[in-house]
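Here are my notes for you to read alongside the model. Take them one point at a time and find each part on screen as you go.

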Amino acid sequence: MQAGNNRSGPTLNRRNFNLMVSGGTLAAILSGAGPLRAQQAGGTLTVAVATPPISLDPARNGGGVNEIFVSPAYEGLVHIDVDGKVTPRLAEDLRYTASDNTEFEIDLRSGLNYADGTPFDANALKDYLEYYVRAGGPFAATASVIDSIEVRSPYTLRLHLNRPAPNLVWQFSEGGMWGCVPNPRAIAERPEDLGSTTDGVGPYRLVAEQTLLGSEYVYERNPDYFEPESRHWDRIIVKVIDNPNARLQALLSGQADIVAVDPETGTAAVNSGLETVVNINGWIGLFLIDRDGKLVPELGDVRVRHAINMALDRDLIAQALAPNFSEPTSLVTLPGHPGYNEALEALYPYDVEGAKALMAEAGAQDGFALNMLVPSFDALMSRIGQVVSSQLAEIGITINIETATTFPAYAERVESGNFPVIVAAWGVGDVYSMFQQIIAPTGVINPLRAVHREMHELYETIARTPPSEAGPLYDDIIEIIADQAWFAPLMRSGEILAHGRHVENVNNSLTYPNATLVEPAAG
């Protein structure tokens with residue numbers, strides 16, 4: 001649902017869908033989906049966000065907030081909107097060719113070329129998928145599932161997988177980054193340049209001489225784009241403004257058309273007559289990384305992790321820190337998604353005395369200290385870190401907060417495995433893909449490589465099970481994740497964006513909004 005003229009509060013979007021496709025083709029699930037909407041094109045769209053990207057290289061980018069820097073120049077094989085609708089972009093069709101989700105075939109759109117004339121074809125995608133693993137980006141392990149790649153024709157290839165993977169439609173969207181394919185010549189000859197420039201077949205190209213890395217990224221139309229009528233802007237500029245008040249002021253003064261805001265500045269935006277949208281597409285909370293007690297022995301006891309969950313007043317945190325922009329939760333999945341069970345929301349009632357009793361039962365009655373990483377470039381998560389520290393002090397846990405001021409610095413410190421607890425937000429575009437990153441031993445948010453036997457067996461069983469039969473398995477794994485308290489989710493929320501009424505279709509993607517799909521308001 002797209003925001004209309006809304007001065008009474010933000011527009012919140014929730015969905016019911018399952019993206020995983022088994023035994024069928026993309027064409028079958030599209031049900032006649034047409035091209036993306038077109039509008040009168042022209043002018044400049046300026047977007048302001050809080051942090052620069054990890055890299056402009058799709059293989060090293062990391063998705064999420066980083067997507068807005070990649071999506072202008074690199075189109076996914078498919079696009080997935082906020083309601084889970086899949087639209088073909090660089091692919092004409094995608095399909096599993098094995099019932100156990102171990103073979104996947106792709107038919108690419110023909111006739112596309114990179115700026116130097118190199119064709120976008122099956123060999124280009126093959127080269128990129130092999131490079132994706134080799135590049136060692138944050139999500140490189142996701143592509144390790146590919147055993148071999150068979151080029152069956154100039155525009156068709158088949159992936160042979162070494163284990164089942166039911167989430168490849170998602171992976172080939174702009175959210176998964178597998179389908180955002182750089183020029184194979186750049187991969188072969190100058191891969192290091194892909195971190196600071198672009199070379200794709202998407203609707204725009206980075207203007208390197210006008211771009212100041214880390215501060216302002218300028219994109220102009222790609223004259224060779226296959227669907228020129230779908231582009232709405234001559235130029236797209238993405239500015240990095242780390243202060244949320246300064247971002248809001250940029251919007252109010254006309255220096256930006258869309259800005260990322262926190263709940264405080266989002267409320268100010270509503271009061272100023274601006275539009276706000278928030279796509280409830282994920283959750284924010286504590287990732288209790290040290291499940292085995294390698295860094296902090298007490299965290300290896302599930303009773304201590306239960307106590308942490310019981311000591312957090314989710315209702316107060318959501319209402320105090322993100323009123324109108326969030327909903328309290330205890331779960332890592334969302335209503336309408338696989339595994340969600342509303343009854344599990346009551347698993348950890350706010351109960352400080354009960355939490356203290358569990359601490360004593362675990363032998364931690366005298367308390368302990370731990371280091372917690374907080375992304376200070378995100379105002380909401382920064383405030384969450386302060387409130388959580390205060391609440392956990394009530395049960396004897398002393399939090400030493402360490403901060404990261406940019407997303408690249410934050411990602412590097414998370415992956416280091418040096419922090420037993422982090423404050424983080426995670427989008428639930430595809431539940432299985434989330435599992436790949438947060439519970440699998442190779443996951444980027446499982447840097448200490450914790451494994452829970454029953455949880456892992458269910459994860460592997462889901463991978464080879466048709467989606468129509470996997471529902472009970474998701475129910476079971478979500479219940480185990482909640483019971484093992486590998487996380488302390490606090491609220492459901494998503495990226496909050498403020499914009500003027502002169503633009504529309506701002507809330508346009510399953511994960512992070514895609515600037516290329518924002519349209520000038522009709523009339």
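**Notes on the fold**

1. Let's start with helix α14: its buried residues pack against α5 (168–171), β14, β18 (421–427), α15 (453–463), α16 (471–484) and β19. Buried means under 20% relative accessible area, with exposed over 50% and partly exposed in between (1.4 Å probe, protein chains only). Helices (H or I, at least four residues) and strands (E, at least two) are DSSP runs, numbered from the N terminus.

2. How many residues of α14 (residues 431–438) are buried? Eight of the eight are, so the helix is largely enclosed by the rest of the structure. The buried residues are Val431, Tyr432, Ser433, Met434, Phe435, Gln436, Gln437 and Ile438.

3. A word on what you're looking at: this is a predicted model, where local features need pLDDT of at least 70 and side-chain atom pairs count only at pLDDT 80 or more, while totals for chains, interfaces and linings use all residues. Residues are numbered from 1 along each chain as its sequence is written, and side-chain values use heavy atoms, with hydrogens and water left out.

4. How far can you trust it? pLDDT is the predictor's confidence in each residue, from 0 to 100. The protein's mean pLDDT is 90, and 92% of its residues reach 70 or more. Over residues 14–40, though, the pLDDT is below 50, and this stretch has 90 contacts in the model beyond near neighbours in sequence. Contact here means heavy atoms within 4.5 Å. Where pLDDT is low, the predicted coordinates should not be read in detail.

5. Now the sheet. Six strands form an open sheet with mixed pairing, in the order β15-β19-β14-β18-β16-β17. Its edge strands are β15 (327–328) and β17 (397–404), each of which pairs on one side only. Two strands pair if DSSP finds at least two bridges between them.

6. Strands β14 (residues 282–288) and β19 (residues 487–493) run antiparallel and are joined by six bridges; Phe287 has Phe487 of β19 as its bridge partner. By contrast, β16 and β17 run parallel, with eight bridges between them, and Asn371 stands opposite Asn400 in β17. Strand β16 (residues 368–375) is mostly covered, with six of its eight residues buried.

7. Ile422 is buried, with a relative accessible area of 1%. Met372 is 50 residues from Ile422 in sequence, yet their C-alpha atoms are 5.2 Å apart.

8. Next, strand β13 (residues 275–279): five of its five residues are buried, so this strand is largely enclosed by the rest of the structure. Glu275, Val277 and Asn279 point one way, while Thr276 and Val278 point the other way. β13 pairs with strand β20 (residues 496–499) in the antiparallel sense over four bridges, and Val278 stands opposite Ile496 in β20.
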